[in-house]
Amino acid sequence: MSPWSPLHPLHLFLGLVIWSLWFVALYGGLSLACEFAPPDQERGALTWVNASMLLLAALVSTFLLWSARRCWRAAPNADEGAATGRFVARIAAAVYLISGLAAVGLALPGVILPPCI
């Protein structure tokens with residue numbers, strides 16, 4: 001079975017790995033931006049840093065939610081080891097969904113808070 005197949009066990013934890021990499025990149029990038037190119041505090045939340053974070057969050061969460069949908073749709077079509085394939089696909093879909101929602105939640109403070117406080 002190919003690792004790209006939604007029935008592969010790799011998908012049971014890949015969503016959380018992607019989310020954790022996003023977490024590190026988001027807050028590491030925010031720290032670097034505030035250290036080397038801090039935006040004007042008077043602009044509040046309307047800064048290039050927040051706009052970048054929100055755009056990247058939209059990309060990451062879209063990918064995670066697409067992956068959740070892909071795994072969920074593959075579950076009824078599981079041929080090889082039908083019960084195992086359905087289990088893996090459904091649990092992987094849930095993990096991707098939770099990771100996608102958490103990725104959105106990480107970026108929500110960027111909507112209302114200034115980035116470098």
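Does H2 pass H3 in a left-handed or a right-handed crossing? Select both helices: H2 passes H3 in a left-handed crossing, where left-handed means that the near helix is turned anticlockwise from the far one by less than a right angle, and right-handed means clockwise.

A word on the model: it is predicted, with local features needing pLDDT of at least 70 and side-chain atom pairs pLDDT 80 or more, while totals for chains, interfaces and linings use all residues. Numbering starts from 1 along each chain as its sequence is written, and side-chain values use heavy atoms, without hydrogens and water.

Stay with H2 (residues 48–74) and H3 (residues 82–107), whose axes come within 8 Å and cross at roughly 165°. Helices here are DSSP runs (H or I, at least four residues), numbered from the N terminus; axes are lines fitted to C-alpha atoms over the stretch in contact, with angles from 0 to 180 degrees between N-to-C directions. H2 and H3 are therefore roughly antiparallel (over 145 degrees).

Next, show side chains. Met53, Leu54 and Trp72 are among the H2 residues that meet H3, whose partners include Arg90, Tyr96 and Val104; contact means heavy atoms within 4.5 Å.

Now select residues 45–66, a span that is 86% helix, with end C-alpha atoms 29 Å apart. For residues 87–112, the end C-alpha atoms lie 39 Å apart and the span is 96% helix.

Last stop: Leu21 in helix H1 (residues 11–36). At 56% relative accessibility, Leu21 counts as exposed (over 50% relative accessible area, 1.4 Å probe, protein chains only).

Notes:
Helix = DSSP H or I, 4+ residues; strand = E, 2+ residues; numbered from the N terminus. Parallel < 35°, antiparallel > 145°, perpendicular 65-115°, else oblique. Buried < 20%, exposed > 50% of the residue type's maximum accessible area, 1.4 Å probe, protein only.
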